[in-house]
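The sequence and structure come first.

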Amino acid sequence: MGGGSLTDQSQFLPLHTRALLHHTSANRVFAVVYLCAILALLYHHFLALLHTTTVVSLLFLLADAVLAFMWATAQAFRMCPTRRQVFIEHLQHVAKESDYPALDVFICTADPYKEPPISVVNTALSVMAYDYPTEKLSVYVSDDGGSQLTLFAFMEAARFATHWLPYCRKNKILERCPEAYFESNPSSWFPEADQIKLMYEKMRVRVETAVKSGIISHDYMNSKQELEAFSRWTDGFTSQNHPAVIQVLLECGKDEDVMGHTMPNLVYVSRGKGINLPHNFKAGALNALLRVSATMTNAPVILTLDSDMYSNDPQTPLRALCYLLDPSMDPKLAYVQFPQIFYGINKNDIYGGEARHTFQIHPTGMDGLKGPIYLGTGGFFRRKVFFGDPSETSELKQDHLGSKSIKSRVILASAHHVADCNFESQSQSQSQWGTKMGFRYGSLVEDMYTSYMLQCEGWKSIFCHPKRPAFLGNSPTNFHDFLNQTRRWSIGLLEVAFCKYSPITYGTRTINLLSGLCFAYYSFWPIWSIPITIYAFLPQLALLNYVSIFPKMSDPWFFVYIFCFLGTYGQDYLELILSGGTTQRWWNNQRVWMMRGLSSFSIGSVEYILKSIGISTFGFNVTSKAVEEEQSKRYKKGMFEFGVASPLFLPLTTAAIINLVSFLWGIAQIFRQGRIEDLLLQILLVGFAMVNCWPIYEAMVLRADEAKMPVKITLISIVLAWALYLASSIAF
Ligand SMILES: O=c1ccn([C@@H]2O[C@H](COP(=O)(O)OP(=O)(O)O[C@H]3O[C@H](CO)[C@@H](O)[C@H](O)[C@H]3O)[C@@H](O)[C@H]2O)c(=O)[nH]1
Ligand SMILES: [Mn+2]
């Protein structure tokens, strides 16, 4: 058997393996124990309610019921967490390079001021330089900002790429995002490195100067064609109202690098938009790219990337191929998802931007079920997935493409046609975009919603989590941006939670119970705000009104509370540490979770309600990736960034004040009346909340820098806290 054919050998050399994580059985046992504690606690609440029913006791029941629901859904991630490994070196036994499928990469950008074009260019360059047959690689950039600045940046990038790609390949550079490469001060410097660096710097300055001044100098144009491209920005062209602009910047087979090798395709696409037409944000942009790319290259595999998510490993597509090309793979495999990992996060991750649970731990948990959620970026999809359920779709036909140049008039005409703003409303068959075809519309978290609907159709996915991060992106370094991001997510997630196909009812039946629960966990994420808000205010107000609400120390129920708290915190801590996190990062993570609960989750939920009853609309507010120098310095020092008088801060400052006052009051009670027995749990809770509020106290009174808490917010929250106290003295 030893000297068998290639296919024989491949049976012994796996492309990938999978194993359950070690702590799975411990998770399962703990789930049973914890469940008993929760049931006991709920029983305790019922007993209390039977005794006397007050608003306060009802609110505590509500808080604990929501906590129990979230706990129950979260267990689904813990039942079969799976770790996979791929063996790129075995890929050669299954497929030759010439058998690799073509790959279309989609990069989305939406605003040249929030997403600096030079960083989008870096993302594009890093994937254009993939270790992948160049003639099979195409990069499509979607510019929802409809900005000449972005087009200009990509013209520059196309030129620089003809130097950068051969440089990377020749010297086997691992870091193929130029900015990251030059910043890392590479130890092995190659002869042409200085020249390339200079070239890159010049490009960067040209692009940044253009963005700053808003002027694109014609001196930089190399051809009539380039000049002509800008003529489409006529008077009346705005980012919200303009015809489609598609520009082929590099064409495979025609354009060559400085060594004479072909370049990959690079295409700039700004889909058409009409002032009163819904454009469905990123999902709409991706669908336009699906159609445009179909007219040009129609690759069977698609990688989607956000503007800031650059490739950190040139072999990533090969990893995805280990699954996609595996002959024994389940034909229902829809996509291979890589985690979102971020660069530039400060040492202790003050905003919990790393979000290990969301981007690493939970996808590992779902990988053992039907597969992870699509995380919006870093997903390698089979194109056919977007055109029907697994039983309906066959492999795509490539013959309609023929051998026409993607710059040919015919192809460009059909590309412009499918990118037109009216295309989706043009005919019955095209109106299925967003419902039956493509990325799904109807939620501001199009990524989660799309993958949920795909799994309901029967598709599966796989989580690929290599040691060296496949992609690195940007996480907000400004607290306000961070809260705003979670607020947008909250609206989008609730749109999924309460849609016709809610995961809790439809998903649990259609996919399977555990997967449905995982999707339910995320779609109901914002309702964390209910228990967090109740626990941030109610025990505190009770304390101020001399009311003891938790069991006494001598009461056995006291220990049930303690167990529930320590159990869930302990498990969360262990999970984070086992996945490679640190204690400080865990601490900050739980703190930010509370802050989000009070602020973004609750405000986002209110906004969701306003949106669903038609009072207001909320769009996709793009997270800024542009960082100011001063702000960046503060972030590096671990200081919270407030600075703006935003209503998002109000619940935080109000809670901080109430907790401080009630803590001091409670301590005074203990000293004056010796009520330690019945107030201990309440005081412990308030003390814990206070420790978590430390950055807020600091920002309100101790800091003098420009990012401190605006006085206006502090004053309003003092008034709010006072009003709450007055109201509570009537209620208690
Ligand atoms: O109308 C729009 C709005 C956004 N985008 C792009 O969408 C991407 C993600 O936007 P960002 O502001 O970075 O959102 P985040 O909250 O950081 O993104 C997370 O959440 C989004 C859903 O809310 C997902 O789309 C993202 O992939 C996921 O990383 C960016 O590349 C944008 O350019 C568009 O193309 N068109
Ligand atoms: Mn982002």
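## A buried salt bridge

Asp367 is buried, with a relative accessible area of 1%; buried means under 20% relative accessible area, exposed over 50% and partly exposed in between, with a 1.4 Å probe and protein chains only. Its salt-bridge partner is Arg84, and the closest N and O atoms are 2.8 Å apart. A salt bridge here is a side-chain nitrogen of Lys or Arg within 4 Å of a carboxyl oxygen of Asp or Glu. The pair joins distant parts of the chain, 283 residues apart: Arg84 is in strand 2 (residues 82-86) and Asp367 in helix 11 (residues 356-367). Arg84 is buried as well, at 15% relative accessible area. Helices (H or I, at least four residues) and strands (E, at least two) are DSSP runs numbered from the N terminus.

The model is predicted: local features need pLDDT of at least 70, side-chain atom pairs count only at pLDDT 80 or more, and totals for chains, interfaces and linings use all residues. Residues are numbered from 1 along each chain as its sequence is written, chains are lettered from A and ligands numbered from 1 in the order in which they are written, and side-chain values use heavy atoms, leaving out hydrogens and water.

## Other salt bridges

The whole structure holds 28 salt bridges. One of them joins Glu201 and Arg204 at 2.7 Å, N to O. These two residues are about one helical turn apart because they lie three residues apart in helix 7 (residues 193-213). Glu201 is partly exposed, at 26%.

Glu457 and Arg440 also meet in a salt bridge, at 2.7 Å, N to O. Glu457 belongs to helix 13 and Arg440 to the loop between helix 12 and helix 13, so the pair ties together parts 17 residues apart in sequence. Glu457 is partly exposed at 26% relative accessibility, whereas Arg440 is buried at 2%.

## Around ligand 1

Oxygen atoms of ligand 1 lie 2.8 Å from a side-chain N or O atom of Lys282, 2.7 Å from one of Asp306 and 3.1 Å from one of Trp489. The protein covers 96% of the 680 Å² of accessible area that ligand 1 has on its own; areas come from the Shrake-Rupley method with a 1.4 Å probe, and for residues only the protein chains shown count as cover.

Helix 14 (479-497) is among the elements that supply at least two residues of the shell, and helix 14 gives the most, with three residues.

How values were computed: Polar contact = N/O pair within 3.5 Å; in protein donor to acceptor, adjacent residues only side chain to side chain.
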